[in-house]
Amino acid sequence: MSRVPRPAVSTGSLRNQYHASTSSTNGAQTKAPTPNTPSGLRVPHSSTAKRAPSPRRKETEEKSSTARLSLKEQIALRRAEAKKAQATQNNSGGVLLSTFGGDDDLVVEKSKDVEEDVNDLGRWSIRETVERARSTGNFNISSRSLVCIPSCLFEVHLGVTPKPLDSVTEPDYPVDDAPKRNRQNKQQPSWFEAQDLMVLKARSNEIVALQPELSFFGSLKVVDLHNNRLSTLPASLSILACLTTLDVSNNNLTAIPPPLFSLPALATLNLAHNQLTSLPFSRFNDPVDLPESVDTGAFFQPEVSRAIKPLPNLHVLDLGHNKITSASIDTSHLPSAIKYLTLAHNPLGKSQDLFTVLAKLENLQEVHMEHTGLTNESFIHRPPVKFSRLQLLDISETDVTEQAVRAFFAESPRSGGLSFQITTAPPSPGELRIAVGKKVVREAWEIEAEKNYLKKKKSFIRADTDKQPAQTGKETREIEAEQGLTSEGGHRRVHVAATAPSTTASQPKSAASRPKVVEKEQWEIEAEQGLLTEGGRRRLRAQQAANAAKASTPTDPAESRSPSASPSLASSVYYDAATLTLTLPPSAPPTRAHTRAFSLIATPQKGRTPEDLLVPAPTLPLAVIAREDFATKLRVLNLSNRRADPTFSFPSASFLATPQSTAGVLPRLDELCLEGCALGDTVSLSQEPEGGGAPVSQRKGLLELLADAFPVLSVLDLSYNTLTSDGLSSSALECFLVPSESRRKGLKVLRLRGNRLTALEAFESVTELFRGNRQVPEWRLEELDIRDNEISKLPVTLGLLPMDVLLVDGNTFRVPPRKVWEREGTKGLLSWLRGRIE
């Protein structure tokens with residue numbers, strides 16, 4: 001029996017050899033056993049499924065292995081690692097290698113994160129929106145200035161490339177080089193998880209035509225295309241059997257394809273604000289031409305489900321603001337399920353046949369026909385009149401009278417529930433509300449208060465009429481009790497009074513018989529004087545002026561300054577001597593007040609005095625103001641909300657030529673407020689004639705007229721009027737803003753808020769003064785307010801104007817973005833505009 005020879009090395013050397021054999025540069029390679037180790041000796045070895053070493057042990061092994069490598073080997077190792085990392089980087093990143101002088105010479109540039117696919121408005125791009133619609137079934141591309149539905153929608157969802165439109169050049173929507181299939185740990189849906197497109201919203205774009213392939217989305221339920229530029233609709237939309245809502249309002253449609261009237265599930269159809277002239281419901285069975293991309297010879301054909309009668313499930317039909325007449329509506333095939341019908345602002349004309357058909361609709365609840373030119377001829381009685389479920393018939397702002405409507409429903413079961421008072425409360429069961437004439441919507445409590453008032457008034461009248469017979473039927477003892485004759489003292493006093501002189505005896509009798517004075521309210525006094533209407537107040541002013549002219553005839557301008565011809569405005573009610581401010585009362589309620597119409601008798605206007613009724617009606621009664629004693633020192637003139645008569649009244653030319661008027665009609669006027677006066681680009685100017693007679697009227701530009709009349713003006717407030725960009729001329733702005741050596745000083749504050757301005761090109765002529773010249777002598781403009789207008793673009797030259805305040809909120813432009821002035825204010829906005837000047 002042979003003995004196995006003992007190895008020459010000890011156990012400690014075997015352990016060292018094991019560690020040396022298992023350690024490598026990358027931690028994965030193993031060395032062969034040393035020659036001194038016997039082949040039959042079991043030595044621990046690394047397994048394929050061994051546990052990963054701890055981080056501390058791994059660092060220790062790496063340091064020990066690296067320390068045994070030479071410098072060249074370390075550099076070669078780092079280069080190999082860098083090449084391996086560079087091969088795995090995407091196109092957006094990379095590895096930069098410099099000269100390897102040591103461990104610190106290697107510079108690795110991290111790849112930049114892929115930017116999120118969003119635009120400046122925080123919305124996903126078109127391509128990303130199409131991809132996300134596969135998961136939600138909702139595709140919303142509103143307000144993106146698109147000219148058509150993106151073709152990538154058909155390519156991604158249907159795998160179909162639509163035929164290019166002839167009138168549209170569609171931009172390209174490129175696919176990302178590295179599409180984000182795992183955004184926020186949410187993968188794109190698989191083919192069996194994708195949702196069919198059910199909602200398509202493309203409102204407020206520039207779409208001029210639709211692809212016929214849109215009908216391939218058979219699951220579409222809602223299509224919103226309002227506020228675009230569509231002139232036609234593809235007839236293939238009639239095969240969308242699931243479509244329930246179609247909104248194509250505010251477009252340029254002149255006709256509707258008749259096959260669209262065969263949609264079986266359509267419940268809401270909005271065709272308002274178009275150019276439609278007819279509704280051919282009877283042609284709903286016209287053939288439909290499928291798109292050319294459909295293989296009509298294939299074995300499987302797309303199923304087309306069409307209704308057997310026009311729009312069988314239509315409940316809401318809006319046809320307002322078109323050019324439809326009653327004769328152009330095919331009433332014989334009118335959809336029978338309509339509940340809400342709107343035909344407002346259409347030239348319907350004679351509609352006798354239309355009302356006959358509408359009366360037979362069992363589900364009809366509301367009909368709106370205001371501003372349609374209807375007359376009483378449309379309500380000729382044709383029994384039987386049904387309207388079984390009708391709750392509201394709006395024929396306001398037409399020539400139809402209440403008597404004609406009552407005669408129309410005289411023999412109808414609905415005659416007992418007629419109501420001609422429109423309220424905000426829902427109608428009661430069996431009530432039929434009809435709006436005739438001028439439409440006034442009142443609250444329910446207003447109608448109830450008016451009924452109570454009339455009931456109370458009738459009770460008072462009845463009580464007065466019943467009192468007279470009761471007084472004649474009094475007994476003798478009742479009369480003696482009233483006269484105080486039931487006692488001996490009463491008889492003695494009557495005897496003494498009878499023997500007294502007649503003069504003294506008549507005094508207590510007259511005092512006793514004197515009627516009680518009834519205190520009247522202000523509206524009652526105005527009603528007795530006929531001052532509840534504008535015509536009555538105008539006649540009163542004319543009568544007072546005629547009486548004043550007869551009393552005194554002025555011979556020179558100094559005498560003409562007497563306030564006898566008009567009510568004095570120097571009263572403390574209007575003129576404040578401390579601040580030199582004149583405030584005339586508004587002739588209409590303020591713009592932000594209650595806008596419903598009230599009866600002046602039931603609810604008189606609060607705060608109005610009889611003196612307010614005598615103030616001249618024109619918005620700017622300069623002919624009256626200029627003749628007051630304070631005219632030469634007036635500093636502030638407040639004419640807010642004087643909209644009843646938007647005209648200017650100027651004195652005669654001879655008065656304007658006087659020495660006190662050489663510096664303007666009001667030589668020291670510093671601030672003029674014309675807010676909410678309904679002033680347009682031009683204003684009617686009424687000037688007093690020289691020799692007397694009727695005033696001479698003419699129209700002049702508003703800004704030019706104000707610049708000539710008030711040359712020293714510093715603050716001008718024209719907010720909430722109807723000024724447009726046409727009235728904002730360059731010459732008028734130069735008169736206001738640019739100082740002159742003769743008279744004009746230039747404005748400091750110009751407020752144009754709440755008007756109808758669409759462009760600011762008129763300011764470019766003023767900004768030319770600052771091009772290459774940062775300072776203009778005596779320039780005074782500090783504040784410009786152009787909020788709440790319709791300005792679509794800010795001229796970059798506006799940044800040249802040295803202003804402290806520039807308010808631009810509430811407009812339609814998108815450049816510059818809102819964050820520019822919200823973060824940096826006026827200075828930042830002007831600096832941004834100056835930076836864009838070429």
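Accessible areas here come from the Shrake-Rupley method with a 1.4 Å probe, and for residues only the protein chains shown count as cover. This is a predicted model, in which local features need pLDDT of at least 70 and side-chain atom pairs count only at pLDDT 80 or more, while totals for chains, interfaces and linings use all residues. Residues are numbered from 1 along each chain as its sequence is written, and side-chain values use heavy atoms, with hydrogens and water left out.

**Figure 1. The whole chain, before we zoom in.** The chain exposes about 49400 Å², and carbon and sulfur atoms supply 51% of that area. Of its 838 residues, 36% count as buried; buried means under 20% relative accessible area, exposed means over 50%, and partly exposed lies in between (1.4 Å probe, protein chains only). You can find 21 helices and 27 strands in the chain. Helices (H or I, at least four residues) and strands (E, at least two) are DSSP runs, numbered from the N terminus. A contact means heavy atoms within 4.5 Å. Among contacts between residues at least 6 apart in sequence, 64% join residues at least 24 apart.

**Figure 2. How confident is the predictor?** The score to know is pLDDT, the predictor's confidence in each residue, from 0 to 100. The chain averages a pLDDT of 75, and 68% of the residues score at least 70. Over residues 501-513 the pLDDT is below 50, and this stretch has one contact in the model beyond near neighbours in sequence. Residues 552-566 also have a pLDDT under 50, and here the model has 18 contacts beyond four places in sequence.

**Figure 3. A look inside two nonpolar cores.** A nonpolar core is a set of buried Ala, Val, Leu, Ile, Met, Phe, Trp, Tyr and Cys residues joined through side-chain atoms within 4.5 Å. The largest one has 72 residues, and those with the most contacts inside it are Leu-358, Leu-364, Met-369, Phe-387 and Ile-395. The elements that give two or more residues to this core are helix H4 (126-136), helix H5 (151-157), H6, E11, H7 and strand E14 (432-437). Take Met-369 as a guide: leaving aside neighbours within four places in sequence, its contacts include Leu-343, Leu-358, Leu-374 and Ile-395. A second, separate core of 71 residues includes Leu-706, Phe-736, Ile-786 and Leu-794.

Figure 4. Rings of Phe, Tyr and Trp (its six-membered ring) pair if their centres lie within 6.5 Å; planes under 30 degrees apart count as stacked, over 60 as edge-to-face and the rest as tilted. By this rule the count comes to eight aromatic pairs.

**Figure 5. A stacked pair of rings.** Tyr-575 and Phe-630 form a stacked aromatic pair, 4.2 Å centre to centre with 10° between the planes. Tyr-575 belongs to strand E16 (residues 575-576), while Phe-630 lies in the loop between helix H16 (622-625) and strand E19 (636-638), 55 residues apart. Tyr-575 is buried, with a relative accessible area of 9%, and Phe-630 is buried at 3%.

**Figure 6. A charge over a ring.** The charged end of Arg-132 sits over the ring of Trp-124, 4.0 Å from its centre. For this label, NZ of Lys or CZ of Arg must be within 6 Å of the ring centre and within 35 degrees of the ring normal.

**Figure 7. Backbone details to look for.** A cis peptide bond, with omega about 5°, joins Val-815 and Pro-816. Pro-816 lies in the loop between strand E27 (805-807) and helix H21 (818-835). His-321 has a phi near 60°, a positive value in a residue other than glycine. This histidine, His-321, is in the loop between strand E8 (316-318) and strand E9 (340-342), and is partly exposed, with a relative accessible area of 33%.
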